[in-house]
Amino acid sequence: MPQPYKINSIEEYYAAYNKSVQDPEGFWDDIAGYFLWKKKYDQVLEWNFEEPHISFFKNGKLNITENCLDRHLGTLGNKPALIWEPNDPEEHHRVLTYRDLHNKVMQFCHVLANNGVKKGDRVCIYMGMVPELAIAILACARIGAIHSVIFGGFSAQSIADRLIDTHSECVITCDGAFRGNKEVPLKAMVDDALIGCKFVKRVIVLTRTRTPVSMIKGRDVWWEDEIKKVESNGQRDFPAEIMDSEDPLFILYTSGSTGKPKGVVHTTAGFMVWTAYTFANVFQYSGDDIYFCTADIGWITGHSYIVYGPLANGATSLMFEGIPTWPDAGRFWDIVDKYRVNIIYTAPTAIRSLMSYGLGPIQGHRLDSLKVLGSVGEPINEEAWHWYNENIGKKRCPIVDTWWQTETSGIMISTLAGITPAIPSYATLPLPGVQPILVDDHGKEILENEVTGNLCMKFPWPGMIRTTYGDHERCRKTYFTTFPKMYFSGDGAFRDAKGNYRITGRVDDVLNVSGHRIGTAELENAINMHTGVIESAIVGYPHDVKGQGVYAFVIFEGSKEDMNMVRKDILETVTRTIGAIAKPDKIQFVNNLPKTRSGKIMRRILRKIAEGEMHAIGDTTSLLDPAVVTEIIKGKV
Ligand code: WT7
């Protein structure tokens, strides 16, 4: 697969970068030329950050699956598109060539159509990491339905919230999912969600764990039965729906500093061009490389860099059902050895967790096929960076520390493997098309280097968020009003003398726990729902493996006979309301929270207490009752 937009030297990087700033329309017009359009666009870019209104490749017509599948068939039909490694190493792996995947996607398009799904409909997908998840996503895209994948760690309540917000009438799920030595009851969770979502007309259930599940007549159908019908009807080809460049491709929910998660909307052409371009350049994929991204497709990393980005480049993408530490902590290296993986893309939390097992699990595995190591999701600390570099890459493999977000849809700031220099703990330089700007708290641009500021973007890029589903005003308020006429990322960053960026972490009330985003307000709301809880405050604290741990300060006035049990009950309420991924690591019961005279919780103080930095608490005189702080320090857990 030729990747004409691939940057091959540092000079080419600077040339591409400069062109992307001086002539963004010309730059993206050139790159878009390498994709398959049913009708060419008539304008490359139209935008303003006030509304915001972002349109890339206006009036262009295309289907992303023709770009990810059909156009490769002639040259790469027999090349593996997806390799699937099951949870259990004893079970057989699966390989789907581009032709296989194309056929299966078309088959499933028929299933969707036979079940009433049409262009523009929303479809929620709650599945484990099986190839059918990728097939379901691509089939939605081909038929023009907007997919919304829900990570398997979310609760029935979270599923229901998303079903209601998207008004999805069709859900695709599995009976269950295998994760390590656990079986996750996916269908049962969907059933619970559907009690309050009578508008859902169809649930398509794939068999994976073959655990007993309830199947409601008229509503629930088996994936396998539906495929059989398609086969016996002789339904084969499924022409790709003609989509507009700015037609929504998917909705993915993510947490913010206020209220409920918001549905980040990405559109067809911009997302396609951005993920394809960034994949090729950051990872420097070539030839028959085997590329392994360890993320879950339930998060943006899986959307952009397991499914769409790699497939748009004709790459071989390895998808793994299990977890890094089961049956043992050598599982990733086992997979690297088995398939001779060339590029691995994982998260600092996984690296730190594997570090804690020592070097034993690495031994006996051939890692010499590796060429590039990637990191994503949170800042990678220097210790983890060096461990990854020395023990996995054997100091031969460039590390790409990729900074981006659900809202950016693709990598924004990163080293290009082997092309631009890597610096431990730095994401380094912006990709072509990305115009970062640091501003102070008043929104004034910081021009000098060797400084820290709020990380914003002053110019649009093709893959940027278009809206928050059903509530454009929320999108405007969240991202475009903190600093007028800029996209605000919510992160802080340091810029060195050479223009390299080091991400310092969130500057808003969003936590990053094991690379997953948790909104403190959302979690507090969940805890406050627990009977007897009067009020709560959530802050993060440094955690050796998770990056950040969740510390909850809770005012509880129910029965105090067995506080250990109350703690467990609260965890259960969180698990039911949001999902197990949001469970606090520590709960401290307090009588009061430090508040200003106007009643605002002083999180800064709580953060210092949770971090154990009592000496840095600073001035408490503005508090309504400074004695509260002393009391909380005494009870620290
Ligand atoms: C937040 C976005 C990017 C896909 C996975 C997470 C943090 C992400 C890095 C990095 C430092 C990073 C930021 C960002 N983050 N990558 N390389 N270095 N921080 O997506 O759930 O939307 O979270 O993750 O704080 O804002 P997400």
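**Close-up views of a predicted model**

View 1. Strand β21 pairs with strand β22 (residues 451-457) in the antiparallel sense over 4 bridges. Two strands count as paired if DSSP finds at least two bridges between them. Helices (H or I, at least four residues) and strands (E, at least two) are DSSP runs, numbered from the N terminus. Across this pair, isoleucine 437 stands opposite cysteine 456 in β22. The open sheet has 4 strands in the order β21-β22-β24-β25, with antiparallel pairing. β21 (436-439) and β25 (501-506) are at the edges with a single partner strand each, so one side of each has no neighbour in the sheet. From one strand to the next, the twist averages 45 degrees; axes are lines fitted to C-alpha atoms, for helices over the stretch in contact, and angles run from 0 to 180 degrees between N-to-C directions.

The model is predicted: local features need pLDDT of at least 70, side-chain atom pairs count only at pLDDT 80 or more, and totals for chains, interfaces and linings use all residues. Residues are numbered from 1 along each chain as its sequence is written, and side-chain values use heavy atoms, with hydrogens and water left out.

**View 2. The hairpin of β1 and β2.** Strand β1 (residues 43-48) and strand β2 (residues 53-58) run antiparallel and are joined by 5 bridges. The two strands form a hairpin, with 4 residues between them. Leucine 45 stands opposite phenylalanine 56 in β2.

**View 3. Helix α18 and its buried side.** In helix α18 (residues 603-611), the buried residues are Arg603, Ile605, Leu606, Ile609 and Ala610. These residues lie on the same side of α18 because they cover an arc of only 155 degrees around the axis; the arc is that of the directions from the helix axis to the C-beta atoms. Buried means under 20% relative accessible area, exposed over 50%, and partly exposed in between (1.4 Å probe, protein chains only). The cover over the buried residues of α18 includes α16 (520-528), β28 (533-543), β29 (547-556) and α19 (627-634).

**View 4. Isoleucine 609 in α18.** Isoleucine 609 is found in helix α18 and counts as buried, at 0% relative accessibility. Leaving aside neighbours within four places in sequence, isoleucine 609 is in contact (heavy atoms within 4.5 Å) with Phe553, Met614, Ile617, Val629, Ile632, Ile633 and Lys636. Isoleucine 609 and isoleucine 633 are 24 residues apart in sequence, and their C-alpha atoms are 6.5 Å apart in space.

**View 5. Histidine 266 in β15.** Histidine 266 lies in strand β15 (residues 262-267) and counts as buried, with 0% relative accessibility. A polar atom of the histidine 266 side chain is 3.2 Å from the backbone oxygen of glycine 463. Not counting residues up to four places away in sequence, histidine 266 touches residues including Phe250, Phe271, Ile300, Thr406, Gly463 and Met464.

**View 6. Surroundings of the ligand.** The ligand is surrounded by 17 residues, of which the closest are Asp401, Thr402, Thr406, Asp491 and Arg517; a residue is near a molecule if one of its heavy atoms lies within 4 Å of it. A polar side-chain atom of aspartate 401 is 2.7 Å from a nitrogen atom of the ligand. For threonine 406, an N or O atom of the side chain lies 2.5 Å from an oxygen atom of the ligand. An N or O atom in the side chain of aspartate 491 is 2.5 Å from an oxygen atom of the ligand. A polar contact is a pair of N or O atoms within 3.5 Å; within protein, one must be able to donate a hydrogen and the other to accept it, and residues adjacent in sequence count only if both atoms are side-chain atoms.
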